[in-house]
Amino acid sequence: MKRAAIWRIALVALCVAILEILCLTGKIDRLTMQPPHRIVVDLAKMLSAGTLNAAILKTLGNAAIACAIAIVAGVVGAIVLHRLRTARETLDPLFATYYAIPIFAFYPLLIILFGLGDAPQIFIGAMLGIVAVIVNTLNGLDRVPRVLLRTARVHGLGAIETALRVTLPHSTPYILSCAKLAVAYSLIGIIGAEFIMSSGGMGYEISFAYTNFDNATMYPLILLILIVSTAVNMALARWEKILMTRRGQA
């Protein structure tokens, strides 16, 4: 194990241990939060009982769709903007302030446009992730060596072929970095939208449990979200590290 990973695990273990002690000694009462070991037990019981499997699958499925839309649309948008310098210079200031916009405030409008189904939630999740993908992909495209672009022109490659064979493969590590952000933002968007107006999903169940002081449901669901997002991001980070090592950049 590398030293950074050891320190990371030690820090998480320390935080969990402190939380466990505070809960067991009564500094944090059971009405507020149960001990971490109890949260793990409750999560195991919940998953084995299968009572919330439909809600879990709904949220994770919508988050996966939103993440895929954000990545595909973001990468395509970045490729287009990379070739259109004027458009990029115009939009750069907007990208810098994009996350100051309260996306959830447009949820009533999205309901009018897309109805009461999952579409508004997916749209919010995708819109939260797409700008992060565009900005990071542009950063990767900017780092493509000019010699590769000249070689592509010498071989008569068109814009699409150059993107597929040269610029995107070279920018893959940066795209993986923005994919990690897309995963996080998509989950935030989907769960936040389920909090506001939904009759199902993990966000709805967490909100309902919070209102009814049902810690045995709320905290295990939060833990599950942390586990899923951490596992996906670790897998993407590992893939990114492999690619960077192969190129001698790690």
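A residue is called buried when its relative accessible area is under 20%, exposed when over 50%, and partly exposed in between (1.4 Å probe, protein chains only). By this rule, 39% of the 250 residues of the protein chain count as buried. The model is a predicted one, in which local features need pLDDT of at least 70 and side-chain atom pairs count only at pLDDT 80 or more, while totals for chains, interfaces and linings use all residues. Residues are numbered from 1 along each chain as its sequence is written, and side-chain values use heavy atoms, with hydrogens and water left out.

The protein chain holds 11 helices and 0 strands; these are DSSP runs numbered from the N terminus, where helices (H or I) have at least four residues and strands (E) at least two. Along the principal axes, the C-alpha atoms fill a box of roughly 70 × 50 × 30 Å. Contact means heavy atoms within 4.5 Å. Among contacts between residues at least 6 apart in sequence, 72% join residues at least 24 apart.

One stretch of helix deserves a visit here. Helix H5 (residues 107-114) includes phenylalanine 114. This phenylalanine 114 counts as partly exposed because its relative accessibility is 41%.
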